[in-house]
Amino acid sequence: DFYQECVAQGIKPVIGMEAYFVPEPKVHEKGAKAYHLVLLAMNNEGYENLKELDAEAYEKENFYYKARIGWESLQAHNDGIICLTACLASIINTDDGEEWFCKFHELFGNRFFAEVQPNEFERQYDYNQKVISLAEKYGVPIVVTTDAHFSRKEDLPYHKLWIAVSGKSYYDNENYVMTGDE
């Protein structure tokens, strides 16, 4: 229904998910970290594969605080999917980041994109430089996105309230949907 209504309104819907990626999700180590990975459906096959990945992420052996997908699942269900390296919470932002960058590039080929974001803080700048360097080294196209947690800049006070109510401590003043000029 969502897809059909978007088309009817002249909007091209992009169906996807920000997945929690763990190389081996069945291994439940204390303090195990799940990394962000953006997956977008290119076509109906990609949409069906996204649904498979999502279903597997919620299986009992994969779920550990969060629904998680692993490398084997990506290998089995990547057709028709575009993969972006994701935000600062990406596995690319680790000591093994270059190794994973190469693995994703090999698996997704020309459906793999290096993602940078225009947020104005030092950690973001450092991560962008790493991603740009890897993209140039391996011939991977770069896309610019925003890590949008709220719609408009003026919605920041409401976002801060939501974070406070949810008991989380993270927020960033720049996590809104930026304009093309921004």
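1. Glutamate 99 has its place in helix α4. The model under discussion is a predicted one.

2. The buried residues of α4 are Gly97, Trp100, Phe101, Phe104, Leu107 and Phe108. Viewed down the helix axis, these buried residues of α4 lie within an arc of 135°, so they line one face of the helix. The cover over the buried residues of α4 includes β1 (16–21), β2 (35–41), α3 (71–76), β4 (81–84), β5 and α5. Glycine 109 follows α4 and has a positive phi, near 60°.

3. Helix α5 (residues 122–138) contains 17 residues and reaches 24 Å from its first C-alpha to its last, close to the 24 Å expected at 1.5 Å a residue. Buried positions in α5 are Gln124, Tyr127, Asn128, Val131, Leu134 and Ala135. Seen down the axis of α5, they fall within an arc of 130° and therefore line one face of the helix. These buried residues pack against α4 (97–108), β5 (112–116) and β6 (142–144). On the face of α5 turned away from the buried side are the exposed residues Glu122, Tyr125, Glu136 and Lys137. Glycine 139, with a positive phi near 70°, follows α5.

4. Asparagine 119 is located in the loop between β5 and α5. Its relative accessibility of 6% makes asparagine 119 a buried residue. Leaving aside residues up to four places away in sequence, asparagine 119 touches Gln124, Glu174, Asn175 and Met178.

5. On charge pairing, a search of the whole structure finds 5 salt bridges. Side chains of opposite charge can pair when their charged atoms come close. One of the salt bridges joins the side chains of lysine 51 and glutamate 48 (3.4 Å, N to O). Both of these residues lie in helix α2 (residues 44–57), 3 residues apart, about one turn of the helix. Lysine 51 counts as partly exposed at 40% relative accessibility, and glutamate 48 as partly exposed at 34%.

6. A further salt bridge connects the side chains of arginine 152 and aspartate 155 (3.0 Å, N to O). Arginine 152 is partly exposed at 46% relative accessibility, whereas aspartate 155 is buried, with a relative accessible area of 14%. Arg152, Glu154 and Asp155 are linked in a network of salt bridges.

7. Phe2, Tyr3 and Val7 form a nonpolar patch on the surface, with about 330 Å² of accessible area together. Phenylalanine 2 belongs to helix α1 (residues 2–8) and counts as exposed at 56% relative accessibility.

How values were computed. Residues are numbered from 1 along each chain as its sequence is written. This is a predicted model: local features need pLDDT of at least 70, side-chain atom pairs count only at pLDDT 80 or more; totals for chains, interfaces and linings use all residues. Side-chain values use heavy atoms; hydrogens and water are left out. Helices (H or I, at least four residues) and strands (E, at least two) are DSSP runs, numbered from the N terminus. The expected span of a helix is 1.5 Å times one less than its number of residues. Buried means under 20% relative accessible area, exposed over 50%, partly exposed in between (1.4 Å probe, protein chains only). The arc is that of the directions from the helix axis to the C-beta atoms. Contact means heavy atoms within 4.5 Å. Patches are made of residues with over 30% relative accessible area and no salt bridge: like charges are joined within 9 Å, nonpolar side chains (Val, Leu, Ile, Met, Phe, Trp, Tyr) within 5 Å. Accessible areas come from the Shrake-Rupley method with a 1.4 Å probe; for residues, only the protein chains shown count as cover. A salt bridge is a side-chain nitrogen of Lys or Arg within 4 Å of a carboxyl oxygen of Asp or Glu.
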